[in-house]
Amino acid sequence: GASALDPSGAAPSNLHALIGYFSLTELSRLRCLVGDHVGALEALAPLTLPPRGDGSELVEQCALCHANTLYHAGVCYLMLRRFEDASSVLCDLVALVARLLKPGTAVLRQSTASQVHKLSEKALSLLAIAVALVPGKAAGRARQMVAERHADRLRRLEQGDVGCFEDVFEMACPKFVTAGAVDYSTGVNVGQDAFRAQVQTFMDDVKQHLGFGALRAYMRLYTSIDLSTAPPGGAGPAAAGASAAAGPGGAVVPPMATQLLAFKHKLTQPRKAAAVAAAAAPPAPDQPPPHVAPLEGERALAADVHFFVDRRRVEISDVEVAQRSDGALAKSTSKLYETIAECQRVVDENLRG
């Protein structure tokens, strides 16, 4: 008959549904390890990612499975340049582990607690990369999480330290494996080839993003920029040594125009958050919220600076200012409650004494 796990009753028994659910999460993990990041997210299509936190997803009932699913999904989003979605998933993982390992709550065995703690540290490192690559949109909750634990590392990443990007990613990414059988007769060790290939692919993409921070900061200073008088490429290391490129029909395109085109191209990405908001029409009281698959999303500019080019001028149409007062208020309120609880404890001990 139908069960909470399989409401349609399609599975012969609840055990079959459990095995199928486990197979989906492990298939996603395997595809992530072999470098098929799109396939890994496709395998999670029947699941709500991240889970809503109401216990509707079976993955929430197993802390280690929950953490592993979020971690590998975050890696896939990062490799697909969906930095906002990566930040959202990795933030949920860090918050989940913080709740599970909160002092005074012994909900996990020691071995399990150690594993989820390691996943949380890796998630924080990947979160630092996402914040450094897209500082405007990823700021706020994600930045606060990273700054509390890895402020120095975040500072080096935001300064464009390529070596730091590579070290952090090598430490935090999964150990990628090759999908083909290894020919041991050659005597050549190819065990690290898949891992090095994935790291190199990611680093190539990082190097293309390094100049965007300086270009973004330059555009935030103005409402209009004349391309003929702008510095080559705007500013930053990506613009250093830039030369004019040939455009359609052999026309000379100013270096800054090429940088702006790259900025739009690289930072325009699918956003699952936009798809969730679009599907957020109030459902009927007895109906669950609409399901949005992990790969779904609406393409949008993942930056806090919006602009368009009108002939030879860049018009900055909108500059979003991050409001961080809510995070400071929540943090201060939490500290206040902790202080009140500590004072109450001291008073109780003195009264008993």
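Visitor: What am I looking at, and how are residues numbered?

Guide: This is a predicted model, where local features need pLDDT of at least 70, side-chain atom pairs count only at pLDDT 80 or more, and totals for chains, interfaces and linings use all residues. Residues are numbered from 1 along each chain as its sequence is written, and side-chain values use heavy atoms, with hydrogens and water left out.

Visitor: How many helices and strands?

Guide: The secondary structure comes to 13 helices and 7 strands. Helices (H or I, at least four residues) and strands (E, at least two) are DSSP runs, numbered from the N terminus.

Visitor: And how much of the protein is buried?

Guide: Buried residues make up 37% of the 353 residues. Buried means under 20% relative accessible area, exposed over 50%, and partly exposed in between, with a 1.4 Å probe and protein chains only.

Visitor: What about the contacts along the chain?

Guide: Among contacts between residues at least 6 apart in sequence, 65% join residues at least 24 apart. Contact means heavy atoms within 4.5 Å.

Visitor: On to α7. What span does it have from end to end?

Guide: Helix α7 covers residues 141-158, and its end C-alpha atoms are only 17 Å apart, short of the 26 Å that a straight helix of its 18 residues would reach. The expected span is 1.5 Å times one less than the number of residues.

Visitor: Where does α7 bend?

Guide: At His 150, by about 115°. The bend at a residue is the angle between axes fitted to the seven residues ending there and the seven starting there.

Visitor: Is His 150 buried or exposed?

Guide: His 150 counts as buried, at 15% relative accessibility. Leaving aside neighbours within four places in sequence, His 150 is in contact with Glu 121 and Leu 124. The other buried residues of α7 include Ala 142, Met 145 and Leu 157.

Visitor: What comes just after α7?

Guide: Gly 160, which takes a positive phi of about 85°.

Visitor: Which non-glycine residue has a positive phi?

Guide: Arg 81 has one, of about 65°. Arg 81 sits in the loop between α3 (63-79) and α4, and counts as partly exposed at 24% relative accessibility.

Visitor: Lys 266 belongs to α11. What span does α11 have?

Guide: Helix α11 (residues 255-267) reaches 18 Å from its first C-alpha to its last, close to the 18 Å expected for its 13 residues. Lys 266 is one of the buried residues of α11, along with Pro 255, Phe 263 and others.

Visitor: Change of topic. How much space is in the largest pocket?

Guide: About 700 Å³. Of the 20 residues that line the pocket, the closest to its centre are Ala 98, Arg 99, Glu 148, Ser 334 and Glu 338. On a 1 Å grid over the protein atoms alone, a pocket is an open set of points where a 1.4 Å probe fits, with protein on both sides within 12 Å along at least five of seven lines, and lining residues have an atom within 4 Å of a point.

Visitor: Which elements give two or more residues to the lining?

Guide: They are α4 (83-100), α5 (110-133), α7 and α13 (325-352). The lining divides into 7 nonpolar, 4 polar and 9 charged residues. Ala, Val, Leu, Ile, Met, Phe, Trp, Tyr, Cys and Pro count as nonpolar, Asp, Glu, Lys and Arg as charged, and the others, Gly among them, as polar.

Visitor: One more. Where is Pro 294, and what does it touch?

Guide: Pro 294 lies in the loop between α12 (272-278) and β5 (298-301). Pro 294 is buried, with a relative accessible area of 0%. The C-alpha atoms of Pro 294 and Ala 45 are 6.0 Å apart, across 249 residues of chain.

How values were computed
Points joined across faces, edges and corners; volume = space filled by probe spheres on them.
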